[in-house]
Amino acid sequence: MKITDLSLADLSRKLAAKEVSAVEATRACLDRIAAVDGAIHAFLLVDEAGALAQARASDERRARGEARGPLDGVPVALKDLFCTKGLPTTCGSRILEGFVPPYDSTHVQRLKDAGAVLLGKLNMDEFAMGSSNENSAFGPCHNPWDLARTTGGSSGGSAAAVAARMCFASLGTDTGGSIRQPAALTGTTGIKPTYGRCSRYGVIAFASSLDQVGPFARTVEDCATVLQTIAGRDPLDSTSLDAPVPDWVGGLANAEVKGMRLGVPREYFREGLDPDVERCVRAALRQLVDLGAELVEVSLPHTDYGIATYYLVAPAEASSNLARYDGVRYGLSVREEGGGLREMYFRTRAAGFGPEVKRRIMIGTYALSSGYYDAYYLRAQKVRTLIRRDFEAAFAEVDAIVAPTTPMPAFRLGERLDDPLQMYLGDVFAVPANLAGLPGMSVPCGFTAQDLPVGLQILGRPLDEASVFRVGAAYQRVTDWHLRAPKEVAS
Amino acid sequence: MALNREQVEHVAKLARLSLTTEEAERLSVQLTQILDYVAKLQELDVSKVEPTTHSVEVASTPLRDDVPRESLPVDEALANAPARDGSHFSVPRIIE
């Protein structure tokens, strides 16, 4: 077995047993990137020298008997919106081309403290706005299962890098499905934890009341290992929750769903759901019953209002967050001879932002503008309350909710580019969890007739990632969808 | 709710975005489609519903003690500046 085919947990054991060194593992990833990423384009930046230096330091620590834990020496990669001290961070945008952060985000710091090897920065939709990674200013990412199809987005690079085995885990962010949807479309496992579980310090902001950081990996256990490392209160983000981080990994060894009540939302199974996706998800539900879970039909009556709510709240917050790109302090600055400050703002932003980002800034500015605030933004925030209440009512009856992650498998590159609304509607099953702040995970649960991966979504109560992991781990113990690899990609 | 070219240009001005004629025309069509879609929120009676600003209730947002601590050195803070003047960011003239 090639090193890059190992799970994070297996690599971790081999590192501990000194059967593999961190430098060997890192070399294997770098070779793999060189071999396949020309065709996939998951990486925007590969920090070969930095990664090898971190790997050597890890091996030296281990030789001294000072290894730091399960991530020490494990190569991982980051969506290019995590600030990395001394390493360019673009957020997939021309407006930040050349920006080199003067500090590390909390997650980067925590991964470094845990001894992880940071391979580089991953492709993404510009400012995390998109569902196909096609809005990256640096070119789209290709799905390793079918290079003509999208990876999903916005964390497309994070998903593809794990799917094509270029790293053992990656970090992404999920504002309206941007971890779970690409995980589903690439056959990887990805979790968005409870809002506030992870800090947002040093994570370039999109929609602050929705943005949440989370890992991608090949297995539930590997996701739990990474989340365990990065989660927890951070004094640098006042919305990070001051809640104890349980021992998720330890709890998974004997994870069982026996006796669990799992809610199946009727609004997620109907017209518009791809028949192959439905077949795979229904089969997964039967398997959970075979494992001893009880399925309970639940209703989330405001599901249909999720997209409309999200596409007001998120752009409104984005239009405010993105006001900082003004050409004064960092990034692109377009200054004309004899032009004034105002002109610089207009020209810089026109040249630096791509079409989708402009579209969202426009929607958000409109929704917040005088005379429209009540009708749009405030109303959306009220509907958000109704969506939260749907989940509260459902979780009074069940321990977790199981449903499809997306209505469709990976679509073709270019297919939805001219129709933004159509692209938005694909997020119908993903955005409610963001609006309600709930933890949600996607695990692979089968393939369509065209051999495209399908994801099962597992949602939990706020702060109950443990139940989400438990369902996912029990399912992965009796299935092997998550272990399948795309056929060899050649650059 | 249709958003005509003039309204699009007004919103763009608020957002400090200069748009080409082509962009403004395309946005007028696309934003109208999107606003028509989100109008479905008007179907719901929310007269007695409180808005959600924080999805997860936070017991408190404690403020740290107001003690000075080390901050980013000036040179590092200015390292990405498109233009600087000594220890300041430099911008084009403000008064037109």
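Select D80(A): leaving aside neighbours within four places in sequence, its contacts (C-beta atoms, placed from the backbone, within 7 Å) are L44(A), T89(A), T90(A), C91(A), G92(A), K121(A), L122(A) and M124(A). The model is predicted, so local features need pLDDT of at least 70 and side-chain atom pairs count only at pLDDT 80 or more, while totals for chains, interfaces and linings use all residues. Residues are numbered from 1 along each chain as its sequence is written, and chains are lettered from A and ligands numbered from 1 in the order in which they are written.

D80(A) lies in the loop between strand 2 (75-79) and helix 4 (106-113) of chain A; helices (H or I, at least four residues) and strands (E, at least two) are DSSP runs numbered from the N terminus. D80(A) counts as buried because it has 30 C-beta neighbours inside 10 Å, the cut-offs being 20 or more for buried, 12 or fewer for exposed, and partly exposed in between.

Next, display helix 10 and helix 12 of chain A, whose axes (lines fitted to C-alpha atoms over the stretch in contact, with angles from 0 to 180 degrees between N-to-C directions) come within 7 Å and cross at roughly 95°. The two helices are therefore roughly perpendicular, a class that spans 65 to 115 degrees, with under 35 roughly parallel, over 145 roughly antiparallel and the rest oblique.

Finally, show chain B: 56 residues of chain A are in contact with 42 residues of chain B. Helix 13 of chain A gives the largest share of chain A's side, ten residues.

Technical notes:
Contact = placed C-beta atoms within 7 Å.
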